[in-house]
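We will go from one selection to the next and see what sits at each stop.

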Amino acid sequence: RYEQGAIAFLAHIETDMKNDNEVVGAAELSPIEFEQCIMNANEKKSCTDDNHATFLYVTDVVTSQSHRRKGIGNALMERVEDEASQRRGLRGGDTSTTTVWILLHVEHNNQGATDFYKKRGYGTLPSNIYDQINHDRFEENTGTHGQQLLLGKEITMKPTPRSTAPNSAASSGSGFGGNRDTASKPNKKTRKKKRAK
């Protein structure tokens, strides 16, 4: 999937044991699910056609049960959105005209996840974006077949640096469990213990 443009992000925290980093969450951003899904005048185009928005799909966002409600999901989504922002205009060339949309599915009965994404600005797609997608093919590619709620968000350029949840970091790799390219900084508790030794 990496060779086709997908990128995975890992959220990790530093533990007290030999400075090991514990993975506590993951997310993946991918253009693959839009293969043969984007239409222009009834012609199917790639997800990065110059005359269209770039479409990216969040395949999954997971957080370990013991680390939920600690900002890890938000840290992962910040990295996902930062990456999407960097892809703006990548193939279309002119960053002033190319837009990036992140789409994702949420189970209809998962109100917590729906609320989480809505707080981050995800919502129902506008008709001009919705109509660009061949939904039968998209549902086939994502394995959803109408059983989940489709949400989306337009991503704009972000001039601010990447942020992470307190005492954690989200890093990218070549796939789930891939190599981490950034390391988290020790949290205050860990630093105090190190100084005390």
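Start by selecting the buried residues of α1: Ile-72, Gly-73, Ala-75, Leu-76, Met-77, Arg-79, Val-80, Glu-81, Asp-82, Glu-83, Ala-84 and Ser-85. Bear in mind that you are looking at a predicted model. With 12 of its 15 residues buried, α1 is largely enclosed by the rest of the structure.

Beyond residues up to four places away in sequence, Val-80 touches Phe-9, Ala-27, Leu-29, Val-58 and Ile-102.

Now widen the view to the largest nonpolar core, which has 23 residues. Leu-29, Val-80, Ile-102, Leu-104 and Tyr-117 have the most contacts inside this core. Colour the elements that give it two or more residues: β1 (7-14), β2 (21-30), β5 (54-63), α1 (72-86), β6 (100-107), α2 (111-119) and β7 (148-155). The largest share, 5 residues, comes from α1.

For a second, separate core of 13 residues, select Cys-37, Ala-53, Phe-55 and Trp-101, which are among its members.

Last stop: His-135, in helix α4 (residues 135-142). Is His-135 buried or exposed? Its relative accessibility is 16%, so His-135 counts as buried, the cut-off being under 20%. Leaving aside neighbours within four places in sequence, His-135 is in contact with Tyr-130 and Leu-150.

Conventions. Residues numbered from 1 in each chain as written. Predicted model: local features only at pLDDT ≥ 70, side-chain atom pairs only at ≥ 80, totals over all residues. Heavy atoms only, no water. Helix = DSSP H or I, 4+ residues; strand = E, 2+ residues; numbered from the N terminus. Buried < 20%, exposed > 50% of the residue type's maximum accessible area, 1.4 Å probe, protein only. Contact = heavy atoms within 4.5 Å. Core = buried A, V, L, I, M, F, W, Y, C linked by side-chain atoms within 4.5 Å.
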